[in-house]
Amino acid sequence: MYIKRHMEAVLIDLLSQYPCVLISGPRQVGKSTMTEHLPDADKRKYITLDDDELKELALTDPKLFMQLHPPPICIDEIQKAPNLFSFIKLHIDKTHKAGDFILTGSQIYKLIKGIDETMTGRIALLDMQGISLSETTGLANVPFLPSMEIYRDRKPAAPFDAKAIFDRIQKGSMPSILTGQYRDSARYYSAYLSTYLQKDINDLVPGIDTLKFRRFITACACRTGQLKNINAIAEDAEISAVTANNWLNVLETIGVIFYLHPYSNNLLKRTIKTPKLYFYDTGLVCYLCKWQSGEAASVGAQAGALLETFAVSEIIKTYYNAGIEPYLYYYRDVDAKEIDLIIEHDQKLYPIEIKKAAVVDKRIASTFKIIEKSGLTQGTGAVLNLSDTLGALNADTLTIPISLI
């Protein structure tokens, strides 16, 4: 079964405008599958540079490679032969034909480094992650911003209570699990770590100690939704802090983790500077932390951080799926005042709290007043929670079920 991706419409639109579209994201999130379901899929050749012979040809004789594989074409794992970009540029400058190239790759920043500045105006970039909650509940994709008008009429195809949310958190967002192709998520994630992720990790850090890396990524998973603490991670993994920092860069490069950086400006001088660490896929977190059911994930000491990870990741997907770059932050100052998430949009700051509760205390939103000191206008705030109905704490703050993201 193929779950139609929200990003597909954006991709089709970009292909009608740009000669080249590059889709980056971790392995197994459905990049190739989506391109194979495009309306013009039968007219486009699909090749992958995971094929050693094709990769060798692309690296040693890119001109011949382009002659043998002319557009329209989709080239998967393009980061394995970044020298192809200059030849793609030459072709684009000759033909100026929209939709000639779809490129996909699983090493985000390495990909971007391979794009010469002269590709500006010739290429569109899309970030892709696993299947979003709205893609499986039948809801239209809307970049998340607190709004009564947007969320008042949104209703999932099936009821989504707290148990269903944590079941989905434990299951994760990988298409192979959510489509039912694989029923045993633990077995799937075990293979995912030892094969797909290991490929990209070895490309970036040849000869890496796989046992130490396994301890390292587990230590990271146990700290999702928390402040980045390199020394603690290094101690748990029995590696140096320098190595831990380098390996964190690897996880970020291959799209496994991301950071929320603290919001700060000249008027907010007491904010802390440390970013917060998150995983995109909560299924991988649950596997690494040995939570084998949604119920187990919901009752542990880290349940709140896990729910926050899921909510922030789902919000990011609503922007990625619309082809929009999100501007997301968190707030914490030296007085321990904190806002889980701040969305910056059109010169407004939208404060968000995320709570593992169905009933929300009205005092939760009191910290939102800090935004008045930032010099920017405060947009509508929200408390994301485990209720099943949209509500409001006051005229400026909504309570929005996480199931409606």
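What follows is a set of questions and answers on this predicted model.

Q: Why is Lys317 called buried?
A: Buried means under 20% relative accessible area. Lys317 comes in at 3%, so it counts as buried. This lysine lies in helix H17. Setting aside neighbours within four places in sequence, Lys317 is in contact with Gln129, Gly130, Ile131, Ser132, Asn141 and Ser173.

Q: What makes Arg27 and Glu77 a salt bridge?
A: The cut-off is a side-chain nitrogen of Lys or Arg within 4 Å of a carboxyl oxygen of Asp or Glu. For Arg27 and Glu77 the N to O distance is 3.6 Å, so the pair passes. Arg27 sits in the loop between E1 and H2, and Glu77 in the loop between E3 and H5, so parts 50 residues apart in sequence are tied together.

Q: Are Arg27 and Glu77 buried or exposed?
A: With a cut-off of under 20% for buried, Arg27 at 6% is buried, and so is Glu77 at 3%.

Q: How do you know that Asp50 and Lys80 form a salt bridge?
A: Their closest N and O atoms are 3.8 Å apart, and the limit is 4 Å, so they qualify. Asp50 is in the loop between E2 and helix H3 (52–60) and Lys80 in the loop between E3 and H5, so this pair ties together parts that are 30 residues apart in sequence. Asp50 has 26% relative accessibility, so it goes down as partly exposed, while Lys80 is buried at 15%.

Q: Why are E2 and E5 said to stand at the edges of their sheet?
A: The order in this open sheet of five strands is E2-E3-E4-E1-E5, with parallel pairing. Strand E2 (45–48) and strand E5 (123–127) each have a single partner strand, so one side of each lacks a neighbour in the sheet. From one strand to the next, the twist averages 15 degrees.

Q: How do you know that E1 and E5 pair?
A: At least two bridges are needed, and five join strand E1 (residues 20–24) to E5, so the two count as paired.

Q: Why is strand E13 called largely enclosed?
A: Five of its five residues (381–385) are buried, so the rest of the structure largely encloses E13. Gly381, Val383 and Asn385 point one way, Ala382 and Leu384 the other. E13 also pairs with strand E15 (residues 397–401) in the parallel sense over five bridges, with Val383 opposite Thr399.

Q: What makes the buried residues of H1 line one face?
A: Met7, Glu8, Val10, Leu11, Leu14 and Leu15 are buried in helix H1. Looking down the axis, the buried residues of H1 fall within an arc of 160 degrees, so they line one face of the helix. Among the elements covering them are E1, E4 and helix H17 (303–320).

Note on methods: Residues are numbered from 1 along each chain as its sequence is written. This is a predicted model: local features need pLDDT of at least 70, side-chain atom pairs count only at pLDDT 80 or more; totals for chains, interfaces and linings use all residues. Side-chain values use heavy atoms; hydrogens and water are left out. Helices (H or I, at least four residues) and strands (E, at least two) are DSSP runs, numbered from the N terminus. Axes are lines fitted to C-alpha atoms, for helices over the stretch in contact, and angles run from 0 to 180 degrees between N-to-C directions. Buried means under 20% relative accessible area, exposed over 50%, partly exposed in between (1.4 Å probe, protein chains only). The arc is that of the directions from the helix axis to the C-beta atoms. Contact means heavy atoms within 4.5 Å.
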